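Here is a friendly tour of one protein model, written for someone who likes to know the cut-offs behind each term. Have the viewer open and follow along.

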Amino acid sequence: MQLDKQVSSVLEKNRQTHLVQFWEELSEPQQGQLQEQVGAIDFPLLQTLIQKRDRQESDDSQENKAQLATSPEQLIRLPQAAEERKIQQRAEELGKQLLQSGKVGAILVAGGQGSRLGFDAPKGMYPIGPISDRTLFQVLSEQLLARSRHAGVSIPYFIMTSEATHVPTMNFFESQNYFGLGKENVYFFQQASLPAIEDNSHRIFLADKGEVATSPDGHGGMLRALAAHGMIEVMQARGVEHLFYHQVDNPTTIVCDPILLGLHIEQESDLTTKVVAKESPEERMGVLVTINGKTEIIEYSDLPAEEAYRKDESGNHIFWAGNTAIHVFRREFIESLIGGELSLPFHIAHKIVPHVDISSGRQIIPDSPNGNKFEQFIFDALPHARVALVVEGDRNREFNPVKNAEGKDSPATSRAALQRIAAEWVQQAGGIIQENASLEISPLFALDSRELQAKLSENVSYSTDTILSE
């Protein structure tokens, strides 16, 4: 097939004609796929990003930010005193009322592959149930279904995929009958991808002779993706005013947490963030801080080592509030951010990009970073919020992500956390778990220890591996 003249013209105008250098070697389906991929590239945006990269000079701006930072000011810590616990109880009732009103939706970020876990599929399909092997998708979806049943309304689930995970994720949900949520309540929308660029050059990499090298545009790309796929209109039509945002790798997230939702509306927050106390100053977590009266996140890679240990006048660490990537957004705040393509800044990552050498056609796998990828971070919305509430959560209960194949934040530690939480709930209900027995609790059986206590008889004993499910 012939290359479309308009596509050819755009490539010439943007000095990217090397992308079709191997056109004649491709089969017709490969040609069609490459032409479609090239036609989808946002060249004006890409040109802006390249110019931004070329203007950047090494400076100490991140170090200056850290020096100006204080612990977050708009903050609610874990309750210690009776009065603080009463505040949380009141917030929980407010959150439940908000859920019952039908004004809450949930956003799940599920664009990642399980490659770091040695798993060749979307990460959400990874089996995490310690006894049942329920997938991350199932654990989280069952939480949302249980929350919907408690509220007496269907809570819509907006699931952001990537180019790599979109079709497999949709097929998986269909094969699982949408985990009981109802097809009409699950909305898939795909984040955009951006081409990878050569270091010190304007040229886009070819991943293969018939494929442009691309990568997802970051979780901040959610804003553009919501707008591009009509999700804002869906939210408006369904009366959704607040969005609970979470990522697919943390099965112990309290999905649509009533306490967090209640505090969010009570404080009239635009963007509320759940944090947990870092285990040590050097832990690799972004931290919530206040800089010049605005809430921001400083990424661990941008926090100078000497600053990480800094304390305030009371002797408390300043950089303690680790980001869990759990947020609540006011929908109107999201809409205010969807103005221009660069409403959130793009960050430039220096990465290893495998590619085809355009002079020889050989596949190159570099041993050091050779290219630039561009992505947006959703937490860059924080300084734009009129109120950006920060709420501390219980790390052991709420933050047990699956990020690494082994060691810390691995499937093993996440499964162990699910077992530990189940055991704690049973013990609080007066039950007994015999030595060497494991327990797993489906959210459809109980969402918390109080609900479990209402269902279990005292002194119930478990001597074998047991799954409590509906």
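The second largest pocket holds about 1,100 Å³ of space. On a 1 Å grid over the protein atoms alone, a pocket is an open set of points with protein on both sides within 12 Å along at least five of seven lines, a cavity is a set where a 1.4 Å probe fits but cannot get out, and lining residues have an atom within 4 Å of a point. Grid points are joined across faces, edges and corners, and a volume is the space filled by probe spheres set on the points. This pocket is lined by 35 residues, and E92, I254, I259, D448 and R450 are the closest to its centre. Helix α5 (82-100) supplies the largest share of that lining, seven residues. Among the other elements that each give at least two residues are α6, α10 (258-266) and α14. Helices (H or I, at least four residues) and strands (E, at least two) are DSSP runs, numbered from the N terminus.

Please keep in mind that this is a predicted model, where local features need pLDDT of at least 70 and side-chain atom pairs pLDDT 80 or more, while totals for chains, interfaces and linings use all residues. Residues are numbered from 1 along each chain as its sequence is written, and side-chain values use heavy atoms, with hydrogens and water left out.

Leaving out residues up to four places away in sequence, S414 touches I128, P251, N400, P401 and V402; contact means heavy atoms within 4.5 Å. The C-alpha atoms of S414 and N400 are 5.3 Å apart, although 14 residues separate them along the chain.

Next, the strands. Two strands pair if DSSP finds at least two bridges between them.

| Strand pair | Sense | Bridges |
|---|---|---|
| β2 (residues 104-109) and β10 (residues 242-247) | parallel | six |
| β2 and β3 (residues 157-161) | parallel | four |
| β6 and β18 (residues 371-376) | antiparallel | two |

In β2, six of six residues are buried. V104, A106 and L108 point one way, and G105, I107 and V109 the other. In general, side chains of a regular strand alternate between the two faces of the sheet. V104 stands opposite H242 in β10, and V109 opposite M160 in β3. Together, β2, helix α6 (residues 136-151) and β3 make a right-handed β-α-β unit; right-handed means that, with the strands pointing away from the viewer, the path from the first strand over the helix to the second runs clockwise.

Strand β10 also holds H246, which counts as buried at 0% relative accessibility. The side chains of H246 and Y157 make a polar contact of 3.0 Å. Such a contact is a pair of N or O atoms within 3.5 Å; within protein, one must be able to donate a hydrogen and the other to accept it, and residues adjacent in sequence count only if both atoms are side-chain atoms.

Note on methods: Buried < 20%, exposed > 50% of the residue type's maximum accessible area, 1.4 Å probe, protein only.
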